[in-house]
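This briefing covers a predicted model.

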Amino acid sequence: MAQPESQLAFQNLLGQTLLNPPNVAGWPSGTSWIDTSTMMLRLKLPQILSGIRPLEDTPKENDDLNMGSNADKLQKQFFKNQMVTVDWAEVLKNIGTLDLPKILLQKERSLPKAAVESFGKKDCKSEIIALMSTPEYQLC
Amino acid sequence: MLIKRREFLKTGALATASLMLPNFLGAMLREDAVDSDNKILVVLQLSGGNDGLNTIVPVKNDIYFRERQGIAIKNALPLTDEAGIHPALSYFRELYDNGELAVLNNVGYPKPDKSHFRSMDIWHSASDSDEYWDTGWLGRYLDEACHNCNRPTQALEVDDMLSLAMKGRQQKAFAFKSPQRLFQMSREHYFQSLADQHHHDDETVEYLYQTMGSALNNADYIFEKSKAKATAKTYPDTGLGKELKTVASLILSDINTKVYYLSIGSFDTHINQNQKQAQLFKDINEAVEAFVNDIKANGKFEDVMLMTFSEFGRRVSQNASHGTDHGTANQMFFISGGLRKKGLLNQLPDLQNLNEGDLIYKEDFRRVYATILKKWLRADDAKILGRKNGFYDFI
């Protein structure tokens, strides 16, 4: 990602800012990292980062950082134009010939293979995106 | 008219059932049997720490004018001899005159925290300031009231992200930014096909599949409800205006939602406060006016309560940048046609006895939550809040 701000915004949207837990008690445990909003964003993330679909979610404002200024608004503009380049040539060279479900997923028994194949049948790139857009991939 | 297969099956099943069952059993079969006491809570969060002293203005208080020479509100609209309201909140004065507004002053909690995030956490979770809870008061209300709901739409947040207040231990509310976004989500064919065709394996994967399925199904369901009886009234073309229009449309439909959650901000007015606060108040004033008129015209105002809060108030003295810095206690607004006590419920803040320049809270916000939970939503407040807090009598 060309702008480091983009990474922060994604972390904010998922409620998981690196090295910055919500309070001194640390990260909440169990299923609290996942709700319908964070789940859907996670599923859409591979398509967003590949430039197939736009990112439409906006993080909540962080008043502790902004101190009443417009810092967040600027960050949001950056964020909407997030410049992400995936080096697909390199990706395909390295893993393109391998058994993709096996190397991308830890658990694949629940995976509805037909659905994934029909979404990812076009080429190797779309198969990678299809596999990364599954609930199974969230457990990697 | 196009009827979806799913809805057709539902209607068919009901028609058959109601032929064979007495009426009252038929009613119980309905997916969202609405109880007669169907009270609805709309929470409006003023993010960033709204300056309460320039909202409800102590118009006769010398200390107020002395400490705020550059930003004191001199043209407040009179409420009582002692108190006025910010001129941009003219509709709130009307509500006050009609007995449809109650204001509780000096609300806070012991040992207040002045970080936005932390203080908001405390307001959302309803913990003490030295405790860290990872569930919210409305989320725990869902755990309590909705442990066997087949549609977890009892609490909805109008936002891209779900707030801590809306996350319970077992249940979580559903967040959506707009009906259009719901529509898009309900048409995610790939995710829908994953949800339909996946195999049951271990618990963790299944939980993720359930969360995904719930998102897709709810999106479809709420979108249908939001247009079933969409309001035809005109709302201001602002963020809050559109959001309250969506909420009004849902209230008019037969969806089972009891709690709606919205936020507006930022009220963090360290610099040039008067301009910023007046603009936000103008947006709120216009949106709330459209909303209340709409709800009233549909005869629901006695069953709807709009409540506002902010994570803290601001210091009594202004700063050097014509703004104010983070403070402590603040007022809360309650707007409804069903209030038992109206107007100013208690004394204005005491500006003489301060704690290092900050107001000293007199009312605990958890007592407000207890009152709302018990008397408005008919829930077990002590269980949800983890202790007994007593009640106010404005509901």
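In chain B, N272(B) sits in the loop that joins β8 (259-264) to α11 (273-297). With a relative accessible area of 42%, N272(B) is partly exposed, the class that lies between buried, under 20%, and exposed, over 50%.

**Surroundings of N272(B)**

- Leaving out residues up to four places away in sequence, N272(B) touches S321(B), H322(B) and G323(B).
- The C-alpha atom of N272(B) is 8.8 Å from that of T324(B), although 52 residues separate the two along the chain.

**Chain A: overall make-up**

- Chain A has eight helices and zero strands, so its elements read α-α-α-α-α-α-α-α from the N terminus on.
- Of the 140 residues in chain A, 41% are buried.
- Among contacts in chain A with a separation of 6 or more, 66% are between residues 24 or more positions apart.

**Chain A: helix α1**

- Helix α1 of chain A spans residues 4-13, and its buried residues include S6(A), A9(A), F10(A), Q11(A) and L13(A).
- An α-helix has 3.6 residues a turn, so residues three or four places apart point the same way.
- After α1(A) comes G15(A), which has a positive phi, near 70 degrees.

- S110(A) belongs to the loop between α6 (100-104) and α7 (113-119) of chain A.
- The relative accessible area of S110(A) is 1%, under the 20% limit, and therefore this residue counts as buried.
- Within chain A, the side chain of S110(A) makes a polar contact of 2.6 Å with the side chain of E136(A).
- Apart from neighbours within four places in sequence, S110(A) is in contact with E136(A) and, in chain B, with H198(B), H199(B), D201(B), V205(B) and Y209(B).

**Interface of chain B and chain A: extent**

- Chain B contributes 46 residues to the contact and chain A contributes 48.
- About 4000 Å² is buried between the two chains, and carbon and sulfur atoms give 60% of this area.
- On the chain B side, the residues that lose the most area to chain A are M161(B), Y190(B) and L208(B), which together make up 18% of what that side buries.

- Eight salt bridges are counted between chain B and chain A.
- One of the salt bridges joins K60(A) to D159(B), with the closest N and O atoms 3.4 Å apart.
- On the side of chain B that touches chain A, the elements giving two or more residues are α5 (116-125), β7 (174-175), α7 (179-186), α8 (189-197) and α9 (203-228).
- The element that gives the most to this side is α9(B), with ten residues.
- By residue class, this side of chain B holds 18 nonpolar, 15 polar and 13 charged residues.

**Aromatic pairs**

- Over all chains the count is 15 aromatic pairs.
- The ring centres of Y392(B) and F394(B) are 6.2 Å apart and the ring planes are at 35 degrees, which lies between the limits of 30 and 60 degrees, so this pair is tilted.
- Y392(B) and F394(B) are both buried.
- A cluster linked by ring pairs is made up of Y109(B), W123(B), W137(B), F309(B), F365(B) and Y369(B).

Terms used: Residues numbered from 1 in each chain as written. Chains lettered and ligands numbered in written order. Predicted model: local features only at pLDDT ≥ 70, side-chain atom pairs only at ≥ 80, totals over all residues. Heavy atoms only, no water. Contact = heavy atoms within 4.5 Å. Buried area = accessible area lost by both parts, 1.4 Å probe. Salt bridge = Lys/Arg side-chain N within 4 Å of Asp/Glu carboxyl O. Helix = DSSP H or I, 4+ residues; strand = E, 2+ residues; numbered from the N terminus. Nonpolar A, V, L, I, M, F, W, Y, C, P; charged D, E, K, R; others polar. Phe/Tyr/Trp six-rings, centres within 6.5 Å; stacked < 30°, edge-to-face > 60°. Buried < 20%, exposed > 50% of the residue type's maximum accessible area, 1.4 Å probe, protein only. Polar contact = N/O pair within 3.5 Å; in protein donor to acceptor, adjacent residues only side chain to side chain.
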